[in-house]
Amino acid sequence: MKQNLHPDYQPVVFMDTNSGYKFLSGSTKKSNETIEWEDGNTYPLLKVEVSSDTHPFYTGRQKFGNRDGRAEQFRKKYNMK
């Protein structure tokens, strides 16, 4: 493998800004913020808006819209048959 070609892969902490849920994972992304993790080490902190803690697919709180097509919705809206 060529040297200095790939970015540094390091452990980072991801934090869901909606729920405060945090998890430790590996990433090449850099951050100016750091956080002390449960193991006592300090890691870069990356803030994300959606994680498995708040995403509807994982939480089961997904809203399903009306399953009618566009034409059917138009007909219902304007009371057409």
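Accessible areas here come from the Shrake-Rupley method with a 1.4 Å probe. The accessible surface of the protein chain comes to about 7,200 Å². Carbon and sulfur atoms hold 47% of that surface. The model is predicted. Its chain has two helices and four strands, and three salt bridges are counted.

**Overall layout**

- Read from the N terminus, the elements follow the order β-β-β-β-α-α.
- The chain has 81 residues, and buried residues make up 16% of them.
- Take the contacts with a separation of 6 or more: 35% of them join residues 24 or more positions apart.

**Salt bridge Lys30–Asp8**

- Side chains of opposite charge can pair when their charged atoms come close.
- Lys30 and Asp8 meet through their side chains in a salt bridge, with 3.9 Å from N to O.
- Lys30 sits in the loop between strand 2 (22–27) and strand 3 (34–36), while Asp8 sits in the segment before strand 1 (10–16), so this pair ties together parts that are 22 residues apart in sequence.
- Lys30 is exposed, and Asp8 is exposed too.

**Salt bridge Glu33–Lys47**

- Glu33 pairs with Lys47 in a salt bridge, and their closest N and O atoms are 3.4 Å apart.
- This pair links distant parts of the chain, 14 residues apart.
- Glu33 belongs to the loop between strand 2 and strand 3, and Lys47 belongs to strand 4 (residues 42–48).
- Glu33 counts as partly exposed because its relative accessibility is 38%, a value between the 20% and 50% limits.
- Lys47 has 46% relative accessibility, so Lys47 also counts as partly exposed.

**Salt bridge Arg75–Glu72**

- Arg75 and Glu72 form a salt bridge, with 3.6 Å between the closest N and O atoms.
- Both residues lie in helix 2 (residues 70–77).
- Arg75 and Glu72 are three residues apart, which is about one turn of the helix.
- Arg75 has a relative accessibility of 36%, so Arg75 counts as partly exposed.
- Glu72 is at 33% relative accessibility and therefore counts as partly exposed.

- Pro44 is part of strand 4.
- Pro44 is buried because its relative accessible area is 17%, and buried means under 20%.
- The C-alpha atoms of Pro44 and Thr34 are separated by 4.2 Å, though these residues are ten apart along the chain.
- Leaving out residues up to four places away in sequence, Pro44 touches Gln10, Pro11, Val12, Val13, Ser31, Glu33 and Thr34.
- One of these partners, Glu33, also forms the salt bridge with Lys47.

**A nonpolar surface patch**

- Phe74, Tyr78 and Met80 form a nonpolar patch on the surface.
- Together these three residues have about 330 Å² of accessible area.
- Tyr78 lies in the segment after helix 2.
- Tyr78 counts as partly exposed because its relative accessibility is 46%.

Conventions. Residues numbered from 1 in each chain as written. Predicted model: local features only at pLDDT ≥ 70, side-chain atom pairs only at ≥ 80, totals over all residues. Heavy atoms only, no water. Salt bridge = Lys/Arg side-chain N within 4 Å of Asp/Glu carboxyl O. Buried < 20%, exposed > 50% of the residue type's maximum accessible area, 1.4 Å probe, protein only. Contact = heavy atoms within 4.5 Å. Patch = residues over 30% accessible without salt bridge, like charges linked within 9 Å, V, L, I, M, F, W, Y side chains within 5 Å.
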